[in-house]
Amino acid sequence: MIATSKAAIQDDVVIYGGGMAGALLAKALAPEFRVTLVDPNEYFEVPMSVPRSLVKPGFADAAIIPFAAALPGVAHVRGALVEMHPEGGLVQLKNGKEELLKGRVSVLATGSKFSNALMRAIDGASVRERKEFYVQYHRRIVASQNILIVGGGPIGVEVAGEIIENHPAKKIIILEAGPRVLAGTSEAAAAQAAKVLKASGVTVLTDERLECADSTVAEVLSGAGEALTSRGQSIPYDLLIWCVGGKPNTAYMAQHYASTLNQAGRIRVSPDLRVVGSDTVFALGDITDLDENKMAWHIGGQIRTAAHNIRAILTRAGRPSRLKAHKPQTGNPMMAVTLGSRNGVLHLPVIGVVRSPFVARVAKSSHMLVPKFRKALGV
Ligand SMILES: Cc1cc2nc3c(=O)[nH]c(=O)nc-3n(C[C@H](O)[C@H](O)[C@H](O)COP(=O)(O)OP(=O)(O)OC[C@H]3O[C@@H](n4cnc5c(N)ncnc54)[C@H](O)[C@@H]3O)c2cc1C
């Protein structure tokens with residue numbers, strides 16, 4: 001029983017999660033509908049910027065955009081969805097109170113949950129707190145000679161690229177359990193990234209997993225310690241950076257909608273992006289079971305489909321024949337991975353692998369897509 005239901009807010013659209021999917025969907029719908037956005041943070045942060053902000057804290061100034069500036073027509077509720085309920089979403093507010101939010105349409109876009117605050121603030125942060133985090137992290141990087149990066153996905157590779165470019169004398173090791181870095185893209189693109197990193201002095205260990213370490217994954221600023229690998233190697237470190245990817249942030253479905261979750265905890269959606277079995281609840285982004293790489297690149301298509309379908313439901317009584325279907329980008333190895341601000345590797349559709357540092361610089365490395373998303377949000 002939800003005690004707060006009398007205080008419920010009724011809006012056209014309530015979006016839970018103001019990341020890549022939620023913030024851009026809110027931007028698209030705000031001119032036509034009353035939109036409420038729920039997010040524990042005070043801001044939208046361009047995710048691609050994070051590896052650079054760790055080594056250049058000033059980079060976060062443009063990459064962190066307060067919701068108030070990005071979405072002036074949208075009501076921002078600072079809190080976290082804790083229970084999705086047939087009556088609406090139960091939200092734990094920043095001040096500790098709970099509120100039930102009701103929308104004619106609800107959108108779940110809560111993204112990935114990381115074990116610590118490296119990639120995303122965990123319990124909700126202000127702009128000032130997030131920027132201070134980068135200043136503090138940068139100090140730790142500067143003070144650390146031996147840096148162990150656990151995980152050779154795009155995040156681990158990009159973080160290594162940033163650190164070695166700015167601190168070439170540091171000893172950096174990437175530890176990857178799989179047979180190669182960048183499992184989500186083509187072998188040729190992955191080989192190019194590994195080659196560039198090795199040429200800059202980074203050690204890349206593959207087929208070798210972390211068995212244990214003196215620091216836990218929850219510690220964003222690890223102390224110095226030692227790690228033991230599956231090949232029996234002992235690696236001393238001053239800083240251990242966990243780049244092990246996230247899990248779908250969907251715990252709020254467990255109580256009433258457990259049957260909509262697949263084994264990995266992702267929300268099963270119909271081709272029109274509604275949660276299976278629901279007429280008015282959509283799910284977008286990393287939390288969905290759509291068979292495609294969990295990337296911002298693919299989310300653009302989801303936003304267009306969802307915006308169209310939400311308009312159809314709110315303005316045309318939702319005749320099902322009018323709803324569009326999203327075509328997942330299954331098996332698409334498209335990826336743009338930076339290797340510092342002046343290099344990178346891309347795998348593009350039709351063209352294949354692009355090894356040109358110039359192209360990588362123009363496409364992503366020099367700006368980390370910050371101007372693109374600032375423009376999309378109108379700032
Ligand atoms: C460092 C990094 C670099 C990346 N680089 C690229 C790249 O170059 N190209 C690319 O295509 N993709 C990239 N990605 C992946 C891309 O950023 C994600 O796929 C994308 O952000 C997912 O969008 P989303 O909206 O599903 O989730 P997110 O963008 O993760 O947003 C989720 C939002 O939900 C909020 N939230 C969480 N829990 C709750 C809750 N209970 N209630 C309310 N709000 C909640 C969070 O605060 C957050 O704002 C990168 C990711 C990272 C972390």
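Biologist: Which residues of helix α9 are buried?

Modeller: Buried means under 20% relative accessible area and exposed over 50%, with partly exposed in between (1.4 Å probe, protein chains only). Helices (H or I, at least four residues) and strands (E, at least two) are DSSP runs, numbered from the N terminus. In this predicted model, helix α9 spans residues 357-365, and its buried residues are Ala-360, Lys-364 and Ser-365.

Biologist: Why do the buried residues of α9 line one face of the helix?

Modeller: An α-helix has 3.6 residues a turn, so residues three or four places apart point the same way. Seen down the axis of α9, the buried residues fall within an arc of 60°, so they line one face. The arc is that of the directions from the helix axis to the C-beta atoms. Phe-358 and Val-362 are exposed on the face turned away from the buried side of α9.

Biologist: Against which elements do the buried residues of α9 pack?

Modeller: Contact means heavy atoms within 4.5 Å. The partners are the helices α2 (50-55) and α6 (154-166), together with the strands β19 (335-338) and β20 (344-348).

Biologist: How many helices and strands does the protein chain have?

Modeller: The protein chain has 10 helices and 21 strands, and buried residues make up 53% of its 379 residues. Among contacts between residues at least 6 apart in sequence, 64% join residues at least 24 apart.

Biologist: What conventions apply?

Modeller: Residues are numbered from 1 along each chain as its sequence is written, and side-chain values use heavy atoms, leaving out hydrogens and water. In this predicted model, local features need pLDDT of at least 70 and side-chain atom pairs count only at pLDDT 80 or more, while totals for chains, interfaces and linings use all residues.
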